[in-house]
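Subject: Structure for you to look at

Hello,

Here is the structure I promised you. Please open it and keep it in view while you read my notes below.

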Amino acid sequence: MAHATPAHREWRVTGMDCGSCAAKVRGAVERLPGVEDVDVALMAERLRLTLDETQTPPDRIEKAVRGVGFGIAPKGARPEKPKDGFVLPDGAFPDDAESSKTDSESEENDEPAEHAPSSWIKSSKGRLVIGTGALFAGAWASRLVVPAEIAHWAFVLATLVGIVPVAQRAFAMTRAGMPFTIEMLMTIAAGGALVIGEPEEAALVVFLFAVGELLEGVSAGKARDSIRALSKLVPKTARLEMGGKTREIPAEKLQVDQVVQVRPGDRVPCDGEVIDGTSGVDESPVTGESVPSLKEPGAEVFAGSINAEALLRVRVTKAAEDNTVARIVRLVEEAESARAPTERFIDRFSRVYMPAVVGAAVLVAVVPPLAFGLAWGEWVYRALALLLIGCPCALVISVPASITSALSTGARNGLLMKGGAVIEAAARTTHVAFDKTGTLTHGKPRVTDVSVLSGSEDDLMALAAGVENGASHPLGQAICADADQRGVGPAAVSGGRALPGKGAEASIDGVTVSVGSPRLADERGALTEELRNRVSALEAEGKTVVIVLRDDVPQGLIALRDEPRADAADAVAQLRDLGISSVMLTGDNPRTAQAIAEGLGIEHRSELMPEDKVTAIRDLTTDARVMMIGDGINDAPALAAAHVGVAMGSGTDVALETADAAILRNRVTDVPAKIRLARATMVNIRQNIAIALGLKAIFLVTTVLGITGLWIAILADTGATVLVTMNALRLMVFRPSGAFATTGRASRDAGNARPDRSSATT
C-alpha cells in the first residue's frame, strides 16, 4: 500500500512551564511511527511536526501529549485545559463554567489570556500548594499536642497527598520512554525518605516542590505575557465606511481597499494609507519611537498605532493576518524554533548529565555501606538528595528564557530577530555592511539639476518619466514626481524593461529610449569627453547623475540627490565604539560614494551590481562576522549571504522575509542597539548557565559530604529554575538605545554627506 505524503501539522500545547516540559512533549511524540521534524516551542506553546497519518493518526499524537499531563488542541481551536491544571499567564485557566462556551464563541476568542483572569489559588497547582502546606503545618502542629508516633503519620499523610499526582505523571512519562524526569526523581526521593524514617523531610520536600512548580508556571507566564501583549495592540473593532455610512465591524474582517475612520484617541485597526485628514500618530506601541509622526494624505500608518489629534480616513492596504503587528508576533513566535547553538549544546549536555547524576546517586547509596561498612540509612539519604539535585530544569531553561525575553524586548523597541541563532550571531558581529539608498539615506532623492542637450527640459522630463513611469526604484520615482510637479505628462511607452544595476529602457514612438547611469552610456559609446566632465562635476557635489539616451544618442542629464539619515553618522560612531568596523556597499559612482562616506566616517565600495554585493559580503565573511543592512529587493541576496541579514522596516517584503532580523523604526542607530541587545542577551545566558551549574555543583558536593539534606536539594533545583527565569526577565527592562551616550563626534558634518544612488545602484 502506498504511503500518503507526510503532512505538516500544528497544535497548541498548554501547561508547559520550563524547558523540561517542552522536552517531555517532544519525547512523548517523537518516538511514534511516521513522526518527523518535531518542533516544540515553549513560549509560543506550539507543537509542530511532519506526520505520516497512515502510520500515526493525529488523535494518537494528542493522546500521547495528554498522557504526560499537558493540554493539546489543533491550531485555531479552543485551547485545552491541561490534565494537571498548569498555570497560564493570566494566573489560571478559565473556570469550568467558562469552558462550556459555544464553539463560535471560542473561535472569536481562543486566547486563554483573553478570559477574565482567575487567581492562582483556583488552579490545581495552587490548590496543591495550599493543601500540602496546610497538611505540613498541621503535622508540625500535631507534634505539640499528640505523641510523636501519631504525628509521624501526619507527616506521612502530607507526603502522600502531595506526591500522588507527581508520581502519576512520573509513571506516565516512564511509559512514554522518559524515566529520567524530575517527577520520577521526586517520587523516588520522597518515597525513599519515608522508607528510611524521614517523613518530616519528605513532607517538606513535597511542599517545596509544589511551590517551585507554581513559581515556574508564574514565571513562564510573565515571559509569555510580553509576547501576547503585542497581539492586543490592534483594536478588536474598526469603524468601516460603507455606502456613505459608518458601522463597527471586527478588525479582523477588514479587507484590502476598504476605508475606515480613526478618531482621535483610537488605535489604528489596520495597516493602511491615509486618504483624508492630518494628524500626529503615536507609533511607539509598534516601533518604540516616542515622537509622534505627522500623517497626511498618502502617508502609511501601522495597525496598533494611536491617532492623537484629528480624524483620519484610512484605506486598508493589508489584511489583518499580514499587518505589521501580526507579522511581528509571527516573527517572534517563529523565532523560538531557531535555537541558538548554545541552547542545542545545553540540550545535548543535559541528556548525558541527568543519567550521570542518577548513576552517581546509586554509587553514593551503595558503595560506602558495602565497601566501608558505613550506615545504610545515612548514605541512602544522601543519595536521595543527590537525585533531586540531578534535575536539569534550570540548565535547560537558562538559554530559552533569556532568548524569549530578548525577543520580546527587541519587538517592543522595533528590533526584530528571528531566533536565538540570530541573537548569538549578532552578538559576535565584527563588521557591519550597509546598503546606501534607503538605509544610510532616506531613499527619497529629489531632482536638483536638469541639463538639456537636445530639445527642451519638458521634452527631456517627458521621455524620462515615460520610461520610469511605475518604477519602484527611488530614482525613477523621483524623476516621475519632478515631472508631475512641472505639469509634464509622461510619454506613452511600450516594451519597458529594467536594466538591473544600470537603469531602464522602453520604446517611444518606435525609438528606444534609455534612462540610466553614466556606465550604461559608456557601454553604448554615448559618453563623450564633454559629457564625462559634466557628470564628474555633478558627482563631485555628491549628486547622482542619470543620462537620457534616444537610440543611444544623449538627450540630457538629470542630477538627483538623496540626503543621509540624521542619525547615520551617529550609528557609525556607536559601532566604532563597540569595536565594530563599518563599510558602505553601493551601486553608485565612486565620487558620490566617497562624498557620502567621508561625511559619515565610513569605508565604502562603489559601482557594485547586486551580485557584486554578494561577492563583497563573502569576501568579508572569510575572516570576520558580518551583519548586512539593506532595504531593497536587490539587497536580498547580500542579506542572505551575511552571517546576519537585517532589513530596514520600510524595506520590501522580499528583504524582510530574506533577512534574519528587521529594524522597524528606520533608524540607523538601531543597528548598534540591536548588537547591544544581542550582547546583553549572551551575557545573561552565561550568567544563567553559571547560576544553574554553580548551584548544582555546590550542593552536589555538600550533599555527598552530608552538610545539606533533602529540602536544601529541592531548593537547589526549583530555586535555581526560578532564579534563572527571573534573571532572564531582567532583559525585559533592558534599553538597547539608552545604553549609549551620544558622542559629540557622532553628529559631525552629517549634513555635508549627500548620499544617493542612481539607477546603477542596487
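A salt bridge is a side-chain nitrogen of Lys or Arg within 4 Å of a carboxyl oxygen of Asp or Glu. Keep that in mind for what follows. Note also that this is a predicted model.

**Overview**

The protein has 762 residues, and 56% of them count as buried. It holds 25 helices and 26 strands. Take the contacts with a separation of 6 or more: 69% of them join residues 24 or more positions apart.

**Salt bridges**

Side chains of opposite charge can pair when their charged atoms come close. How many salt bridges does the structure hold? The count is 24. Here are some of them.

Start with K613 and D435. They form a salt bridge, and their closest N and O atoms are 2.7 Å apart. K613 sits in helix 21 (residues 610-621), while D435 sits in strand 15 (residues 431-435), so this pair ties together parts that are 178 residues apart in sequence. Both K613 and D435 are buried.

Next, find R12 and E45. Their side chains meet in a salt bridge at 2.9 Å, N to O. R12 has 13% relative accessibility, so R12 counts as buried. E45 has a relative accessible area of 1%, so E45 is buried too.

Then look at E241 and R313. Their salt bridge has its closest N and O atoms 2.9 Å apart. E241 is in strand 5 (residues 237-242) and R313 is in strand 13 (residues 312-316). The two are 72 residues apart, and the pair links distant parts of the chain. R313 is partly exposed, at a relative accessible area of 26%.

Salt bridges link R497, E505, R524 and D552.

Look for D282, which stands opposite I306 in strand 12.

D670 is found in helix 24 (residues 670-704). D670 is buried, with a relative accessible area of 0%. What does D670 touch, leaving aside its neighbours within four places in sequence? The contacts are N413, L415, I663, R665 and S737.

Two packed helices are described by the angle between their axes and the distance between the axes. Helix 24 packs with helix 25 (residues 710-729) at an angle of about 175 degrees, and the axes are 10 Å apart. Angles over 145 degrees count as roughly antiparallel. Helix 24 and helix 25 are therefore roughly antiparallel to each other. On the helix 24 side, the contact includes N684, Q687, I691 and L695. On the helix 25 side, I712, A716, A720 and L723 are among the residues that take part. The residues of this contact divide into 10 nonpolar, 4 polar and 2 charged.

Best wishes

How values were computed
Residues numbered from 1 in each chain as written. Predicted model: local features only at pLDDT ≥ 70, side-chain atom pairs only at ≥ 80, totals over all residues. Heavy atoms only, no water. Pairing = 2+ DSSP bridges. Helix = DSSP H or I, 4+ residues; strand = E, 2+ residues; numbered from the N terminus. Buried < 20%, exposed > 50% of the residue type's maximum accessible area, 1.4 Å probe, protein only. Contact = heavy atoms within 4.5 Å. Axes fitted to C-alpha atoms, helices over the stretch in contact; angles between N-to-C directions. Parallel < 35°, antiparallel > 145°, perpendicular 65-115°, else oblique. Nonpolar A, V, L, I, M, F, W, Y, C, P; charged D, E, K, R; others polar.
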